[in-house]
Amino acid sequence: MHPHDGVSPLASSELHCRLVMDLINRPHKTQLLKIAARKGITTVPGVEMLLAQGYAQWELWTGKRAPEALMRRAVLAALRTQENSRPH
């Protein structure tokens, strides 16, 4: 999304659903997710897809269960650092 963080592919009037999942992981709360939340729609940020892919890849490559909590903390910390270091 960067540098178009304030843009949504859909307008509020186009959201007629109970769930919106964005595939964008940065920013964490995209404009689409903000619009959906204001309408009372359940939202799922893109980082959830990124993490699910990472867990699956870990398990495919290692044959072992992914350390999901550790991976989640690392990914969220890295994304927070990136978002905080960007000029606003």
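Visitor: In what order do the elements of the protein chain run from the N terminus on?

Guide: The order is β-α-β-α-α, which gives 3 helices and 2 strands. Helices (H or I, at least four residues) and strands (E, at least two) are DSSP runs, numbered from the N terminus. This is a predicted model, in which local features need pLDDT of at least 70 and side-chain atom pairs count only at pLDDT 80 or more, while totals for chains, interfaces and linings use all residues. Residues are numbered from 1 along each chain as its sequence is written, and side-chain values use heavy atoms, with hydrogens and water left out.

Visitor: What is the mean pLDDT of the protein chain?

Guide: The mean is 93, and 95% of the residues reach 70 or more. pLDDT is the predictor's confidence in each residue, from 0 to 100. Where pLDDT is low, the predicted coordinates should not be read in detail.

Visitor: Why is T30 called buried?

Guide: T30 has a relative accessible area of 1%. Buried means under 20% relative accessible area, exposed over 50%, and partly exposed in between (1.4 Å probe, protein chains only). T30 is therefore buried, at 1%. T30 lies in the loop between β1 and α1. Leaving aside neighbours within four places in sequence, T30 is in contact with D22 and I24, where contact means heavy atoms within 4.5 Å.

Visitor: What makes the peptide bond from R26 to P27 cis?

Guide: The omega of that bond is near 10 degrees, and the bond is cis. P27 belongs to the loop between β1 (19-21) and α1 (31-38).

Visitor: Which residues of α1 are buried, and what covers them?

Guide: Q31, L32, L33, I35 and A36 are the buried ones in α1. Their cover includes β1 and β2. After α1 comes G40, with a positive phi near 80 degrees.

Visitor: What makes up the largest nonpolar core?

Guide: It has 7 residues: L15, V20, L32, L33, I35, A36 and I41. α1 gives the most to this core, with 4 residues. A nonpolar core is a set of buried Ala, Val, Leu, Ile, Met, Phe, Trp, Tyr and Cys residues joined through side-chain atoms within 4.5 Å. Apart from this core lies another, of 6 residues, among them V47, Y55, A66 and M71. As for A36, not counting residues up to four places away in sequence, A36 touches L15, V20, I41 and T43.

Visitor: Why is the pair E48 and R72 called a salt bridge?

Guide: The two side chains meet at 2.9 Å, N to O. A salt bridge is a side-chain nitrogen of Lys or Arg within 4 Å of a carboxyl oxygen of Asp or Glu, so E48 and R72 form one. The pair links distant parts of the chain, with E48 in helix α2 (residues 47-62) and R72 in helix α3 (residues 68-85), 24 residues apart.

Visitor: Are E48 and R72 buried, partly exposed or exposed?

Guide: E48 has a relative accessible area of 28% and R72 is at 29%. E48 is therefore partly exposed, and R72 also counts as partly exposed.

Visitor: How many salt bridges does a search of the whole structure find?

Guide: The search finds 3. Besides the pair of E48 and R72, E59 forms a salt bridge with R65, the closest N and O atoms being 3.8 Å apart. The side chains of E68 and R65 meet in a salt bridge at 3.6 Å, N to O.

Visitor: Why does R65 count as exposed, and what are E59 and E68 called?

Guide: R65 is at 64% relative accessibility, so R65 counts as exposed. E59, with a relative accessible area of 30%, is partly exposed. E68 is at 30% relative accessibility and therefore counts as partly exposed.
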